[in-house]
Amino acid sequence: MSVKLITSHGTINMILHCREAPKACRNFIELCKHGYYDGCIFHRVIPGFVAQTGDPFGDGRGGESIYGGYFDDEIVAKLSHDRKGILSMANAGRNTNSSQFFFTLASAGHLDGKHTVFGSVTEDTVSVLDDIAMVKCKDERPIKPVKIFSAEVIDNPWQDDPLPADASIPEKPLISEKQKCSIQ
């Protein structure tokens with residue numbers, strides 16, 4: 001089960017843990033497949049810690065899952081934030097997973113038991129995370145946007161399956177409330 005993100009800093013290939021974290025992986029694959037992450041920025045980059053993205057509003061406060069709201073954590077003891085390149089769900093507390101995710105930029109074991117690990121970056125593309133970690137930031141936000149251009153699902157274990165009964169693809173907002181435009 002694999003996905004690749006084409007970003008402004010290069011391609012990130014990921015292997016997903018679909019058996020261990022099926023809801024997180026299904027959510028991620030469906031959002032990738034339907035272009036939900038296309039154009040998203042990495043809104044939070046903390047060198048030596050994490051690079052976070054997946055919010056279509058770009059401010060870290062938004063995003064929806066395919067399950068219509070939050071979905072529960074899938075904490076698995078054998079999956080750990082033990083190195084650079086771990087793919088994990090961002091959340092606002094227990095069982096508040098939606099669309100946001102992060103990559104570890106170093107070992108971060110203190111996140112174990114708090115965030116769902118659902119994949120990892122392949123060794124041949126982990127250097128892209130090194131490039132992202134080096135961007136100049138102000139208040140953890142890259143000054144020059146680091147962007148996901150597109151996501152491609154390479155291997156989908158649910159390819160021939162319909163969405164779960166309680167799931168649907170969320171609308172991707174084209175513009176945030178704060179960025180209303182008008183013609184003058």
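Guide: What follows is an account of the salt bridges, with a short note on one histidine at the end. The model is a predicted one. Side chains of opposite charge can pair when their charged atoms come close. With a cut-off of 4 Å between a side-chain nitrogen of Lys or Arg and a carboxyl oxygen of Asp or Glu, the count in this model is eight salt bridges.

One of them joins glutamate 152 to lysine 4, with an N to O distance of 3.7 Å. This pair connects distant parts of the chain, since glutamate 152 belongs to strand β10 (residues 148-155) and lysine 4 to strand β1 (residues 2-7), 148 residues apart. Glutamate 152 has a relative accessibility of 37% and therefore counts as partly exposed. Lysine 4, at 24% relative accessibility, is likewise classed as partly exposed.

Another salt bridge is formed by lysine 78 and glutamate 20, whose closest N and O atoms are 3.4 Å apart. Here too, distant parts of the chain are linked: lysine 78 is in the loop between β4 (50-53) and β5 (86-89), while glutamate 20 is in the loop between β2 (10-16) and α1 (22-33), and the two are 58 residues apart. Lysine 78 counts as exposed because its relative accessibility is 63%, and the threshold for that class is over 50%. Glutamate 20, by contrast, is partly exposed, with a relative accessible area of 24%.

Aspartate 82 and arginine 83 also meet through their side chains in a salt bridge, with an N to O distance of 2.8 Å. Aspartate 82 is partly exposed at a relative accessible area of 43%, and arginine 83 is partly exposed at 39%.

Salt bridges also link Arg26, Glu30 and Lys33 into a network.

The note on the histidine concerns histidine 43, which is located in the loop between α1 and β3 (44-46). Its relative accessible area is 8%, so histidine 43 is buried, the limit for that class being under 20%.

Terms used
Residues are numbered from 1 along each chain as its sequence is written. This is a predicted model: local features need pLDDT of at least 70, side-chain atom pairs count only at pLDDT 80 or more; totals for chains, interfaces and linings use all residues. Side-chain values use heavy atoms; hydrogens and water are left out. Helices (H or I, at least four residues) and strands (E, at least two) are DSSP runs, numbered from the N terminus. Buried means under 20% relative accessible area, exposed over 50%, partly exposed in between (1.4 Å probe, protein chains only).
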